[in-house]
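Please open the model in your viewer and keep the selection tool at hand. We will go from stop to stop, and at each one you will be told what to select and what is there.

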Amino acid sequence: MSFSTQTLDQFLEALSRPEPTPGGGTASAVAGAMGTSLLVMVAGLTKTRANTDAEHATLAAVRGSLSPLAPALLQAADRDAEAFDAVMAAFRLPRATDEDKAARKTAIQRAFRAATETPLETLRLVANGMELGETVARLGNPAAASDVKVAAGLLDAAAAGAAANVRINLESLADDDFRTGAGLEVDQLLGRAGEARSRLEAALP
């Protein structure tokens, strides 16, 4: 089942089950989707900071850029659970012969790479959302400043969670080039998101 089709109660119940999935990667992506959705809401309010045509036009453009992020993050939530399910399935493969062991090892590496790439994509989407949120904070309706703060908190939690999932999965990968590149990208994306949050909060009334 896609998590986007579940009720909130169903999703929380699924998270609380003593099973590997859905887990932190899925929760991070959903938190990111909630944060970007709040920013979409504030960007679409009829009143802006100074209520000028220029502000309305800028916020409409930002809203157009923000709107695809929540659906993309919900897809990442599904893929994250699917990817880790694939990791668990790979570990259950037979290892009776040398051929079995080699095939199992390859499958495990392939599955861990997918389980790393999904939260990395979540982190990319979240960093993008935080950067777009700066404009929403600067031009949006001052009465919705608390909504923007909540959005920033959700996006910050999503970024930290996604980064943690990338890093823990990288530990299981043998591809040194991929590990190095992904690790550097995580650092860069966290830096971008952190700097954007600082600018966002400074721009709030």
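How closely do the axes of α5 and α6 come, and at what angle do they cross? Select both helices: their axes come within 8 Å and cross at roughly 160 degrees, where axes are lines fitted to C-alpha atoms, for helices over the stretch in contact, and angles run from 0 to 180 degrees between N-to-C directions. Because angles over 145 degrees count as roughly antiparallel, α5 is roughly antiparallel to α6.

Before you go on, note that this is a predicted model, in which local features need pLDDT of at least 70 and side-chain atom pairs count only at pLDDT 80 or more, while totals for chains, interfaces and linings use all residues. Residues are numbered from 1 along each chain as its sequence is written, and side-chain values use heavy atoms, with hydrogens and water left out.

Zoom out to the whole protein, which has seven helices and zero strands; helices (H or I, at least four residues) and strands (E, at least two) are DSSP runs, numbered from the N terminus. Along its principal axes the C-alpha trace spans about 70 × 40 × 25 Å.

Next, select Leu 39, Leu 66, Leu 123, Val 136, Val 148 and Leu 200, which touch the most other members of the largest nonpolar core, a group of 52 residues. Such a core is a set of buried Ala, Val, Leu, Ile, Met, Phe, Trp, Tyr and Cys residues joined through side-chain atoms within 4.5 Å, and buried means under 20% relative accessible area (1.4 Å probe, protein chains only). Helices that give two or more residues to this core include α2 (24–43) and α7 (176–203), and α5 gives the most, with 15 residues.

Finally, select Thr 36, which lies in helix α2. Is Thr 36 buried or exposed? Thr 36 counts as buried, because its relative accessibility is 0%. Leaving aside residues up to four places away in sequence, Thr 36 touches Leu 69, Ala 70, Leu 73, Gly 129 and Leu 155.

Notes: Buried < 20%, exposed > 50% of the residue type's maximum accessible area, 1.4 Å probe, protein only. Parallel < 35°, antiparallel > 145°, perpendicular 65-115°, else oblique. Contact = heavy atoms within 4.5 Å.
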